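Dear colleague,

Please find the structure below.

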Amino acid sequence: MSGAIETPQVLLAHHLKALKLPTFLREYAKVAAECAKDRADHPKFLLRLAELELLDRERRLVERRIRAAHFPAVKSLDTFDFTAIPSLNKMLVLDLARCDYINAHDNIIALGNSGTGKTHVALALGLAACQRGLSVGFMTAAGLVHQLMEARDERRLLRLQAQLASLKLLIIDELGYVPLSQTGAELLFEVFSQRHERGSTIVTSNLPFEDWTSVFGAERLTGALLDRLTHHVQILEMNGESYRLKQSRARRRKDIEKTGDDLPHDPETGEINDS
Ligand code: ADP
Ligand code: MG
C-alpha cells in the first residue's frame, strides 16, 4: 500500500482513538462495505456506526458496573424458584428488578432464616441495577465494618464514606450474623445516615427487627438506624425452609425411588449412603 492511501486511515485511526470511539474504528470498513452494497447514503453510514458505538458503550458500562460491584457470584432472578418460598411476594420482587425504587431512593430489607435465598435475591437485584448502568456495591455487614475500621485507622475514612455514599445501590448482606463493636455499629450507622435519601440500600438479615438492638448494642442507635432505613422501605419476607436442605432432601427422595429401597445406596459400591 502506498503512503498516500495509507495516511488518511492512519490519521483516522489516531483520531478515533483520541475521541474514544473504538467501535467506529473497528467497524467502519465493514459498515462502509455494507452501506455500499445497500446503497445507503452517508448519514445512514454514520448512523449505523453511531448505533454500534452506543450499544458497545452500554455493554462496556454494564461490565464495568458488574466488576466494580464485587458480587461474590452472579445470580439472576431467571434461576430463582419463587415457588420454593411462598412468603416472598413475587410480583414485588419482579417490580423491584425494574429498579424504579433506586431513583426514588427507597430501601429494601430482606428478612428470613438462613438458606431461603436472601443473598440470591439481593445479588439478582444488584445485577439488574448494573444492567441499567447504575453503580452498585455489594458487601457483607462484617466486611463493610472491617473496611470502615481499616479506613479509619489509615486516615482515609472520609474518602471511603464518600465512595459509599455515591453508590446508587449499596447491598449489605448478612446483617446480624455477627454482633458489632460499638465503633463498628457507629460507623455502619453513619453509612446509612449518609446514604439516607441519596441512594438505595438493600439489607439482608436473619434477625427480625426486634433483635436488631442486639447487633447494634445501643437501643438509641438501633432506633435511629431503623428510622432512616425504614423511612421508604420495601420489606421482603423470606422466612421458610432452607432451599439447600429442601434440595438435598428431594435428591435423596429421588434416590430412594430409583433404588426402590427405603435408604439410598451408593450407585457404585452399593453401600448405604445416608449423608
Ligand atoms: P440466604 O442468603 O437466605 O441464607 P442464599 O441466597 O445464600 O440464602 O441461598 C442458598 C443457596 O440456595 C444459594 O446457592 C441460592 O442460589 C440457592 N437458592 C435459595 N433459594 C432459592 C430459590 N428459591 N431458587 C433457586 N435457588 C435458590
Ligand atoms: Mg445469605
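Is phenylalanine 216 buried or exposed? Phenylalanine 216 counts as buried because its relative accessibility is 2%; buried means under 20% relative accessible area, exposed over 50%, and partly exposed in between, with a 1.4 Å probe and protein chains only.

Before going further, please note that this is a predicted model, in which local features need pLDDT of at least 70 and side-chain atom pairs count only at pLDDT 80 or more, while totals for chains, interfaces and linings use all residues. Residues are numbered from 1 along each chain as its sequence is written, chains are lettered from A and ligands numbered from 1 in the order in which they are written, and side-chain values use heavy atoms, leaving out hydrogens and water.

Phenylalanine 216 belongs to helix α10, residues 212–216. Helices (H or I, at least four residues) and strands (E, at least two) are DSSP runs, numbered from the N terminus. Beyond its neighbours within four places in sequence, phenylalanine 216 is in contact with residues including Leu175, Leu180 and Leu225, where contact means heavy atoms within 4.5 Å.

The largest nonpolar core has 32 residues, and Leu88 and Leu236 touch the most other members. Such a core is a set of buried Ala, Val, Leu, Ile, Met, Phe, Trp, Tyr and Cys residues joined through side-chain atoms within 4.5 Å. Helix α6 gives the most to this core, with eight residues. Leaving aside neighbours within four places in sequence, leucine 236 has contacts that include Leu88, Leu92, Ile108 and Val121. Another core, of 31 residues, lies apart from it; among its members are Ala185, Trp212, Val215 and Leu229.

Helices α7 (residues 141–153) and α8 (residues 157–166) have axes that come within 7 Å and cross at roughly 145°. The axes are lines fitted to C-alpha atoms, for helices over the stretch in contact, and angles run from 0 to 180 degrees between N-to-C directions. Among the residues that meet are Leu144 and Leu148 in α7, and Leu160 and Leu164 in α8.

How many disulfides does a search of the whole structure find? The search finds zero, a disulfide being a pair of cysteine sulfur atoms within 2.5 Å. Cysteine 130 is in no disulfide, and the nearest cysteine sulfur, that of cysteine 99, is 9.1 Å away. Cysteine 130 is buried because its relative accessible area is 0%. Cysteine 35 also counts as buried, at 3% relative accessibility.

Yours sincerely
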